[in-house]
Amino acid sequence: MGSKNQRSSSGVKDLGTESDLKLKKSLGRFELLFLSLGGVIGSGWLFGALYTAGYAGGAGILSWLICGILVIFVGLVYAELGSAIPKSGGIVRYPHYSHGGIVGFIMTWAYFLSAASVPAIEASATVTYLSYFIHSLTTNGTFTGQLTLEGIGLAYFLLILFFFLNYAGVNILGKVTHAAGWWKLIIPSVTVILALAFLNHPANYTAGGGFFPSSTYLSAGLSGFSAVLFAIPTSGVVFSYLGFRQAVEYGGEGKNPRKDIPFAVIGSLLIAIVLYTLLQVAFTGGVNWSAAGVKVGNWTGLTSSGMVNGPFLFMFENSGLVGPIAGLFSVWALILLIDAVISPAGTGWIYVGTSTRTIYGFATNGYLPSLFLKIGKTGVPVFSLIASLLIGMLFLLPFPAWIALVGFISLATVFTCIMGGIGLHTLRNVAPDLPRRYKVPAYKIIAPIATLAAGLIVYWAGFSTLFYVVTAIFLGLPIFFGYYAYKIFKLDKRMAAILGAIDLGIALASTFSLDIATSGLSTANNIAFGLYMGIMIALVVINILVLWDSVSQDVRKEIKASYWLIALIFIVMTISYFGGFGLDAIIPFPEDTIVAAIIILIFHFLAVRSGLRTEAIEEIISTTKDL
């Protein structure tokens with residue numbers, strides 16, 4: 001079967017084959033499109049423009065354009081993967097299919113960390129905006145206050161509502177999301193039109209020292225093009241665009257997913273690029289510096305002004321206009337308040353479903369017990385849905401500000417998107433006989449570009465954010481050894497427990513040590529960084545050696561298939577520390593980005609070369625060969 005030069009089959013299996021058949025195939029083309037759009041247009045449109053301007057000033061417009069173009073490449077590869085292998089929870093299943101359990105687990109765990117927290121973020125954002133009407137929901141009765149016990153209780157109530165909407169089944173979920181999606185699309189579109197027509201101040205686009213403002217007036221102290229790139233992963237730009245993946249995540253429940261997933265993924269991204277770029281233009285031109293009480297051109301000052309409560313809401317409430325237009329703006333401000341409740345709520349119920357399918361994908365890969373594969377009477381993974389609700393509730397205790405989490409969530413998600421281009425390229429090589437309704441043209445060019453796009457966004461996030469994401473990945477190793485390595489790899493139970501405990505202890509100790517030595521990752525300490533890297537590399541090498549000595553030949557193939565990812569993590573961490581976005585900028589911008597790009601491309605081809613033709617792929621081909 002397949003080409004003569006393909007690798008021999010690996011024993012990696014898909015444990016969700018039977019449960020996949022029990023999922024309801026109810027989502028049509030536009031339901032999938034609006035699921036993706038609903039993921040794109042959430043709290044990001046309410047806050048993203050403000051924080052992007054805070055990091056890049058007028059040039060923040062370029063952040064949205066550049067990121068949109070980069071994410072389009074990522075979307076193209078997932079459009080093919082989702083069309084060829086339409087599986088619910090697909091984004092965490094594809095790495096398992098192409099590279100086995102170790103790569104699959106790392107990617108699944110990182111993706112889970114991001115997807116599981118979004119419902120809590122959106123529920124909290126909804127309650128925060130409701131505090132405009134019910135002041136007791138936040139500690140000081142304003143948008144900047146923390147949720148009170150009453151506010152947390154309401155957020156829990158919202159999560160429970162999201163739970164029951166998802167439990168009702170994807171048919172109802174899709175229809176509700178479709179209806180809410182039109183509202184979520186129309187409101188920001190009209191906001192753009194009103195702001196550009198009545199509030200635009202052309203001088204704003206060069207305020208603060210030019211289109212690329214002085215670093216004095218920007219949040220991260222960067223300037224020029226580096227500020228534009230840094231804003232992409234840290235200010236909510238990529239966080240907003242990454243909602244496109246919902247169509248892939250719900251793919252196993254589509255009526256005609258092989259045809260509809262590419263339409264939904266690419267369509268939602270094209271709409272998002274136009275909408276978000278225009279929103280940034282409208283916000284930048286609409287800033288009323290005197291009303292905000294901020295010196296003209298002091299972009300970072302806006303992020304601590306009254307605008308933080310709601311950038312566009314503030315603009316319309318403080319337009320300074322009189323007459324009929326002022327009346328119109330008062331009405332529109334009220335509509336924006338209503339939308340500030342609806343938009344994050346709509347994204348919240350979508351992400352409860354996404355989190356559910358991520359946990360379901362966890363179980364189909366064998367990383368969690370088969371309990372999470374159980375499909376309920378309404379055709380949804382019921383225990384995965386319950387787990388999603390409980391995890392969402394945990395993220396509310398306590399809950400930091402929106403901007404504090406968005407960088408971490410964005411980076412964890414983009415980190416997993418590195419596997420999009422790698423997975424497509426790998427499966428084109430090892431499984432050319434996989435039926436593909438939609439094919440990315442010039443995939444040998446598009447796939448590496450997709451990997452490069454995701455990898456550079458990860459790099460531009462800066463060392464501090466990358467460090468915490470990598471730490472979170474290492475903290476998942478006890479689950480890997482405590483369940484997957486023991487149950488699937490047949491590693492000795494006692495050895496699995498010992499490795500898991502050692503990994504957890506050393507990862508935590510090393511993390512806290514480096515954090516303290518660098519004053520919270522704010523100052524360079526090269527000796528401490530070298531010690532941290534040495535300890536973590538040694539820890540990983542010991543894990544690999546123990547596994548290699550204890551497992552079968554098939555599992556050793558999976559270990560070999562993970563070498564590239566482990567090496568990439570440590571190399572990018574090193575470049576990040578010593579690059580222009582790190583603590584000791586020995587390699588300045590843009591040379592650091594060029595070095596990172598070369599490294600990422602090299603590892604793309606190493607990853608493709610290490611790919612496997614797994615039993616899971618063999619089974620998928622055998623069941624879809626007639627399509």
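Reply: Helices here are DSSP runs of H or I with at least four residues, numbered from the N terminus. The model is predicted. With helices named in that way, Leu 521 sits in the loop between helix H22 (493-517) and H23. Leu 521 is not a glycine, yet its phi is positive, near 60°. Is Leu 521 buried or exposed? Its relative accessible area is 3%, and the cut-off for buried is under 20%, so Leu 521 counts as buried.

The crossing of the two helices is left-handed.

On the H23 side, the contact is made by Ile 544, Leu 547, Trp 548 and Asp 549. H24 contributes Arg 556, Ile 559 and Lys 560. Sorted by class, the contact of H23 with H24 has 4 nonpolar residues, 3 charged residues and no polar ones.

Elsewhere, Ala 442 also has a positive phi without being a glycine, at about 50°. Ala 442 belongs to the loop between helix H18 (402-430) and helix H19 (443-460). Its relative accessibility is 51%, and exposed means over 50%, so Ala 442 counts as exposed.

Another backbone detail is the peptide bond from Phe 589 to Pro 590, which is cis with omega near 10°. Pro 590 is in the loop between helix H25 (563-578) and helix H26 (591-609).

Ser 19 is buried, with a relative accessibility of 7%. The Ser 19 side chain reaches the backbone oxygen of Gly 16 at 3.1 Å. That side chain also makes a polar contact with the side chain of Tyr 360, at 2.7 Å. Leaving aside residues up to four places away in sequence, Ser 19 touches Tyr 360, Leu 373 and Ile 375.

Technical notes
Residues numbered from 1 in each chain as written. Predicted model: local features only at pLDDT ≥ 70, side-chain atom pairs only at ≥ 80, totals over all residues. Heavy atoms only, no water. Left-handed = near helix turned anticlockwise from the far one by under 90°. Contact = heavy atoms within 4.5 Å. Nonpolar A, V, L, I, M, F, W, Y, C, P; charged D, E, K, R; others polar. Buried < 20%, exposed > 50% of the residue type's maximum accessible area, 1.4 Å probe, protein only. Polar contact = N/O pair within 3.5 Å; in protein donor to acceptor, adjacent residues only side chain to side chain.
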